[in-house]
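Visitor: I'd like a close look at a single part of this protein. Could you pick one loop, walk me through it, and then show me how the helices around it pack?

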Amino acid sequence: DRYDVAERVFRDALALPVDGLAMIEYMIQRDLGDTTLVRGDLTAALECYTRASTLAQEIGDPYEQASVYGKSAAVLERMNRFDEAIALYERARDRYADINRDSGLRSAIVVAPNLAGTSDMAVSINYVERRLEGVRTKRATEVALAALPLGPVAFTRNSAPLSARVVGGVV
């Protein structure tokens, strides 16, 4: 399918020598992460986003740093790694807020320079705040379920419990 082709192209591009062009490697890693995420390979997506995060810091682009924090957090959320997701969503939110406050940071945006003149990151901040609220709710639900006197309960995404001990006739 088209995602197989895209993944092959991105991996081929990463195999090319690109000495000194961290921005290009960043964009390839970011886009490969997006592609592997769409294909459902969460581990590969997280690996790509982790590498992209390092490169975004290397090139010093604050917007891309915030963006890749958010992408990594979304993957961690899907992996039910809620505490890690919360930490990265908070980093994304804080970075967007820094950009919003500091015109010097806006001028450091290099991957998408059209954002350099953007004086308001409110849309990005609000989006991350909504994601944070959602993952905190999931985390609280996980904690509440773990506290129930049901014994071990194994859940899979979008399914009912796989196993539970009956307590007082209620599962």
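Guide: Let's start in the loop that runs between helix H4 (62-78) and helix H5 (82-101), where you'll find Asn-80. Keep in mind that this is a predicted model. The backbone at Asn-80 has a phi near 65°, a positive value in a residue that isn't glycine. As a rule, most residues other than glycine have a negative phi. As for the surface, Asn-80 has 48% relative accessibility, so it counts as partly exposed.

Take H3 to begin with: H3 and H4 pack with their axes 9 Å apart, at an angle of about 160°. Since angles over 145 degrees count as roughly antiparallel, that is the label for H3 and H4. Their crossing is left-handed. On the H3 side the contact includes Leu-42, Ala-45, Leu-46 and Tyr-49, and on the H4 side Val-68, Tyr-69, Val-75 and Leu-76 are among the residues taking part. Sort the residues of this contact by type and you get ten nonpolar, five polar and three charged.

H4 has another neighbour in helix H2 (residues 22-38): the axes of H2 and H4 come within 12 Å and cross at roughly 25°. Angles under 35 degrees count as roughly parallel, and that makes H2 roughly parallel to H4. Here, too, the crossing is left-handed. H2 brings Tyr-26, Arg-30, Asp-34 and Leu-37 to the contact, while H4 answers with Glu-64, Val-68, Lys-71, Val-75 and Arg-78. The make-up of this contact is four nonpolar residues, no polar ones and five charged.

For background, nonpolar side chains in soluble globular proteins tend to be buried together.

Tyr-96 deserves a stop of its own. Leaving aside residues up to four places away in sequence, Tyr-96 touches Tyr-63, Ala-66, Ser-67, Met-121, Ser-124, Ile-125 and Val-128.

From there, have a look at Asn-126, which is placed in helix H7. With 42% relative accessibility, Asn-126 counts as partly exposed. Its C-alpha atom is separated by 8.3 Å from that of Arg-93, although Asn-126 and Arg-93 are 33 residues apart along the chain.

Finally, here's the whole chain for context. It has seven helices and zero strands, so from the N terminus on the elements read α-α-α-α-α-α-α. Of its 171 residues, 36% count as buried. Among contacts with a separation of 6 or more, 56% come from residues 24 or more positions apart.

Terms used. Residues numbered from 1 in each chain as written. Predicted model: local features only at pLDDT ≥ 70, side-chain atom pairs only at ≥ 80, totals over all residues. Heavy atoms only, no water. Helix = DSSP H or I, 4+ residues; strand = E, 2+ residues; numbered from the N terminus. Buried < 20%, exposed > 50% of the residue type's maximum accessible area, 1.4 Å probe, protein only. Axes fitted to C-alpha atoms, helices over the stretch in contact; angles between N-to-C directions. Parallel < 35°, antiparallel > 145°, perpendicular 65-115°, else oblique. Left-handed = near helix turned anticlockwise from the far one by under 90°. Contact = heavy atoms within 4.5 Å. Nonpolar A, V, L, I, M, F, W, Y, C, P; charged D, E, K, R; others polar.
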